[in-house]
Amino acid sequence: MTKELKTVKSGELISFATKVFQFYGLNYADSALWAEVLVWANLRGVDSHGVLRIPLYTEYLEKGIINSTPNLQVDPLSGAIAKLHSDLAPGPVALKKGMEEAISKAEEFNLGWCAISNMTHAGAIGFFSLLAAEKGFAGIVMTASQPMMAYPGTHKNVVSTNPIAISIPGNLHPPLLLDMSTSTVGMGKVLQARDSGEKIPNDWGLDNRGNSTTDPNELKVLSPLGGAKGAGLSLMIECLTSLAVNNPIIEPVLRTGAPLNGRPINGVAIALDISMFGEKDLVGKQVDDLVKQLHSVGKSEGVKNIYAPGERGDAIKTKRQKSGIPLATGTIQRLKEVAIKCNVKLPID
């Protein structure tokens with residue numbers, strides 16, 4: 001099936017999403033933040049973590065899987081470490097608060113680490129590592145969720161697609177940003193293919209019989225990025241997040257054979273004062289110099305640009321801020337259903 005796309009302006013999408021989340025009981029600030037994070041992903045070309053997620057999020061809000069009025073509680077602990085109890089808050093609300101706590105700790109102790117328990121899906125977590133970079137810190141964010149990815153030696157869902165994002169500020173160059181899943185692709189890419197009516201590469205995942213599939217509707221188990229490397233990294237992220245807050249996610253599911261109630265996710269937000277390793281402007285200049293040399297490397301045949309981490313997304317963002325965000329027909333149809341339910345106008349025909 002040919003992919004049909006229509007475009008919509010980012011500001012209109014943010015307004016739409018904000019009103020939808022307000023309909024479900026979130027205050028304006030939390031609704032606007034959540035909408036901004038989703039559209040930020042779309043602007044950068046990460047449509048798998050953009051507004052196509054809204055129908056699922058509204059379903060979770062209706063069922064109480066996501067708490068629209070969470071009671072966030074910060075335990076400052078001691079030194080550079082803090083803990084945030086999220087009360088099943090929308091992921092963006094919890095992660096923003098967690099990174100703010102990490103930055104506050106880093107301003108005092110040079111390093112800040114905020115462990116976050118019981119939040120929900122946060123979308124593109126690079127948004128939150130960049131909050132640290134914008135303040136002149138290096139930022140790291142990781143999250144952990146329930147099994148949805150294979151582990152070497154089995155075709156069952158054993159570990160999750162646990163993502164990691166790392167940001168570091170440059171001097172004149174925008175912050176570098178690596179934001180990646182530990183699976184070959186995240187589930188959002190599969191959802192995107194379903195909305196577009198497209199087939200998927202056969203290395204993305206397995207069907208319920210353990211066979212590779214090109215049908216996104218048949219995919220039941222995602223494949224780890226790099227085999228044992230992605231699976232192992234995912235498992236270690238579970239240790240650094242879930243076990244650190246005494247809220248294991250993987251082990252109870254494997255032991256009981258049943259998913260946890262709701263969709264709880266744990267995470268960690270880290271901020272590091274890079275000036276402790278040398279003058280901040282000098283470190284930033286070295287980042288700039290590194291990118292400059294990367295750009296100067298001889299290109300392979302047919303390659304137009306060599307991108308440092310984050311540059312591809314920056315380039316797409318510049319383009320889409322002018323031309324609009326493309327949405328697949330399937331995504332538009334599902335958003336129309338949400339719009340009708342919430343009595344909110346969708347800014348696209």
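## Close-up views of a predicted model

**View 1. Helix H6 and its cover.** The buried residues of H6 are covered by elements that include E9, strand E11 (325-328) and H11. This view, like those that follow, is taken from a predicted model. Met187, Gly188, Val190, Ala193, Asp195 and Ser196 are the buried residues of H6. The helix spans residues 187-196. Gly197 follows H6. The phi of Gly197 is positive, near 70 degrees.

**View 2. The salt bridge between Asp195 and Arg334.** The closest N and O atoms of Asp195 and Arg334 are 2.7 Å apart, and the two residues form a salt bridge. Asp195 lies in helix H6 and Arg334 in helix H11, so the pair ties together parts that are 139 residues apart in sequence. H11 is also among the elements that cover the buried residues of H6. Asp195 counts as buried because its relative accessibility is 14%, under the 20% cut-off. Arg334, at 25% relative accessibility, counts as partly exposed.

**View 3. The salt bridge between Lys341 and Glu62.** The side chains of Lys341 and Glu62 meet in a salt bridge, with an N to O distance of 3.2 Å. This pair links distant parts of the chain, 279 residues apart. Lys341 is in helix H11 (residues 329-342), while Glu62 is in helix H3 (residues 54-63). Lys341 counts as exposed because its relative accessibility is 51%, over the 50% cut-off. Glu62 is partly exposed, with a relative accessible area of 44%. The structure holds 10 salt bridges, and the Lys341 to Glu62 pair is a salt bridge.

View 4. Lys97 and Glu101 meet through their side chains in a salt bridge of 3.5 Å, N to O. Both residues lie in helix H4, 4 residues apart, about one turn of the helix. An α-helix has 3.6 residues a turn, so residues three or four places apart point the same way. Lys97 is partly exposed, with a relative accessible area of 29%. Glu101 counts as buried, at 18% relative accessibility.

**View 5. Asp207 in its loop.** Asp207 sits in the loop between strand E8 (205-206) and strand E9 (221-222). Its relative accessibility is 5%, so Asp207 counts as buried. A polar atom of the Asp207 side chain lies 2.9 Å from the backbone nitrogen of Arg209. Leaving aside residues up to four places away in sequence, Asp207 touches Thr213, Glu218 and Lys220. E9, at one end of this loop, is also among the elements that cover the buried residues of H6.

**View 6. Positive phi at Leu88.** Leu88 is a residue other than glycine, yet its phi is positive, near 55 degrees. Leu88 has its place in strand E3 (residues 81-89). At 28% relative accessibility, Leu88 counts as partly exposed.

**View 7. Positive phi at Asn110.** Asn110 is not a glycine, but its phi is positive, about 75 degrees. Asn110 lies in the loop between helix H4 (91-109) and strand E4 (111-119). H4 is the helix that holds Lys97 and Glu101. Asn110 is partly exposed, with a relative accessible area of 29%.

Notes:
Residues numbered from 1 in each chain as written. Predicted model: local features only at pLDDT ≥ 70, side-chain atom pairs only at ≥ 80, totals over all residues. Heavy atoms only, no water. Helix = DSSP H or I, 4+ residues; strand = E, 2+ residues; numbered from the N terminus. Buried < 20%, exposed > 50% of the residue type's maximum accessible area, 1.4 Å probe, protein only. Salt bridge = Lys/Arg side-chain N within 4 Å of Asp/Glu carboxyl O. Polar contact = N/O pair within 3.5 Å; in protein donor to acceptor, adjacent residues only side chain to side chain. Contact = heavy atoms within 4.5 Å.
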